[in-house]
Amino acid sequence: MGEGVGAGWEAVGPVAVAGAGLTGASWAGLFAAHGLEVRLYDVDESRLAEARARAEEAVRFLVSHGLADGGAAARGLASLRTTSDPESAFTGVAHVQECVVEELAAKRAVLTLAADYAPAHALLATSSSGLSISAIQEGVPGPERCLAAHPYNPPHLVPLVELAPGTRTSVETLERARTFYLALGEEPVMLRRDVPGYIANRLSAALWREAVELVRTGAASVRDVDRAVAAGPGLRWAVMGPHLLYHLGGGPGGIRGHLHHLARVKEGMLRDLATWTTFPADTANVLETGLVEETAGRSIEELARGRDEALAAILAAGVTDLTGDSRDTPGSGGRDVPVVVRGGQGRAVVVASGVSRTTLAWGQRGLLVRFDLEAGAAIPMHAHPHEQTGYLVSGDLTLVGETGEWTVAPGDSWSLPGRLAHGARTTSGAVAVEVFTPLRGEYLPGPPPLAPDGGE
Ligand SMILES: NC(=O)c1ccc[n+]([C@@H]2O[C@H](COP(=O)([O-])OP(=O)(O)OC[C@H]3O[C@@H](n4cnc5c(N)ncnc54)[C@H](O)[C@@H]3O)[C@@H](O)[C@H]2O)c1
């Protein structure tokens with residue numbers, strides 16, 4: 001994490017956190033730990049002092065566990081302000097993280113206030129767990145800059161943030177939000193549409209129903225169900241998701257091999273799983289009895305401290321990024337070491353017929369991509385606000401500009417100024433790598449969250 005969010009970031013401006021409850025205080029801590037100027041806003045003034053203390057505690061925790069740079073955190077702490085005045089909360093901010101009570105009217109009201117005072121370029125992100133971003137952004141001035149950015153509790157320690165568009169959210173908003181959270185060492189995942197519960201809570205709900213059922217039906221104790229998750233699949237899930245793990249589980253045959261060998265067995269289990277959609281009346285009693293045994297007198301505060309210490313140790317070890325996904329390297333996840341993406345296996349995006357682009361590595365100051373062009377493919381004329389420096393690995397390539405054409409052979413390099421209209425074509429096919437560098441004050445596009453062709 002080194003220098004906080006880096007020198008270029010100051011241009012982005014302060015961040016407002018609206019709603020000084022559990023979630024708001026934790027977000028405020030994360031932002032401040034990265035040196036951002038944070039304004040913590042709540043209608044209820046009595047919440048502000050406690051929220052400030054919680055945010056400061058989160059910053060100190062991150063620094064003391066090597067997850068934030070002391071200098072950046074000191075800057076963030078020095079500029080952290082609390083307020084119940086919307087004008088001073090939102091004026092001049094670059095980003096609003098809304099964390100007010102989970103009610104549609106309250107969310108719309110606070111985002112409308114934020115939109116009134118914040119500059120037109122400010123992103124308006126809701127942390128809502130269960131409301132639809134499409135519904136929330138309705139009536140908010142500039143709905144295209146509203147998005148859902150759903151954290152996982154506690155946001156200052158769990159890097160996941162689920163970004164979802166409403167029907168009126170622009171692709172640019174999602175790209176800018178992704179850049180923003182990556183620079184904070186977060187792990188943004190992109191939803192292509194507004195899905196209730198996003199990804200993580202839907203998966204958690206599915207798992208928890210069966211966890212409850214195993215206890216209710218007497219198959220296992222609360223403690224043993226919890227241990228079975230934490231000591232087994234949970235440990236693996238900290239480094240890879242279920243699809244990739246089952247792909248490995250299939251041996252040389254990968255996911256096909258896994259399905260071939262185990263689909264019947266899993267289908268048998270699926271037929272036996274709980275299917276209820278209303279929690280059975282005895283759920284709380286049954287779980288509470290088991291939890292008394294499992295917690296053995298430890299208070300909720302003690303347990304939360306233990307959870308946070310363990311999470312910090314896992315994060316500090318830097319082992320939670322083995323999915324092969326491309327992501328930020330400078331300043332990411334509290335690691336002061338380079339992150340190597342094995343094989344450069346980013347996501348391939350089809351950008352034109354017969355042309356795919358794969359992001360190999362991603363940083364605040366540059367994006368390394370590979371282009372694969374099939375024989376006869378062409379990239380239509382286009383322009384963008386970043387410079388491109390390219391290298392032709394193999395095949396043939398002709399760069400097309402408004403004033404001429406340039407033929408490139410394997411081993412040749414080229415450099416294209418930002419905003420220059422250009423295209424390319426190949427006869428026999430081509431593999432090229434390019435570095436994109438943002439122009440001053442601009443954002444890099446990054447791996448598109450919503451590729452126009454639906455690919456990602
Ligand atoms: N608690 C979690 O684990 C969790 C996780 C992810 C997302 N979220 C989401 O975060 C949001 C907040 O949840 P929480 O658990 O922090 O709630 P909370 O009850 O702890 O805090 C909500 C705060 O919002 C304030 N508030 C209410 N109306 C307001 C308004 N109009 N303007 C400004 N402030 C206002 C309240 O005074 C309160 O301080 C919810 O949308 C929730 O779905 C919560």
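**Entry 1**

I started at Pro-154, which sits in the loop between S6 and S7. This is a predicted model, and I read it as such. I checked the peptide bond from Asn-153 to Pro-154 and found it cis. Its omega is near -10°.

**Entry 1**

I then looked up which elements supply the shell.

**Entry 2: S7 and S8**

Next I followed the chain into strand S7, residues 160–164. How do S7 and strand S8 (residues 187–190) run, parallel or antiparallel? They run parallel, and four bridges join them. The chain gets from S7 to S8 through helix H7, residues 171–183. I recorded this β-α-β crossover as right-handed.

**Entry 3: positive phi values**

I moved on to the loop between S8 and helix H8 (200–216), where Tyr-198 lies. Tyr-198 has a phi near 55°. That is a positive value in a residue other than glycine. I noted another positive phi just after H13, at Ala-296. There the angle is about 45°.

**Entry 4: helix H13**

I then took the span of H13 itself, which covers residues 283–295. The helix has 13 residues. From its first C-alpha to its last it reaches 18 Å. This is close to the 18 Å expected at 1.5 Å a residue.

**Entry 5: confidence**

Last, I looked up pLDDT. The mean for the protein is 86. I noted that 85% of the residues reach 70 or more. Where does pLDDT stay under 50? One stretch is residues 1–11, with 30 contacts in the model beyond four places in sequence. Another is residues 441–456, with 43 such contacts. Where pLDDT is low, the predicted coordinates should not be read in detail. I therefore leave the detail of such coordinates alone.

Notes: Residues numbered from 1 in each chain as written. Predicted model: local features only at pLDDT ≥ 70, side-chain atom pairs only at ≥ 80, totals over all residues. pLDDT = per-residue confidence, 0-100. Contact = placed C-beta atoms within 7 Å. Helix = DSSP H or I, 4+ residues; strand = E, 2+ residues; numbered from the N terminus. Expected span 1.5 Å × (residues − 1). Pairing = 2+ DSSP bridges. Right-handed = clockwise from strand over helix to strand, strands pointing away.
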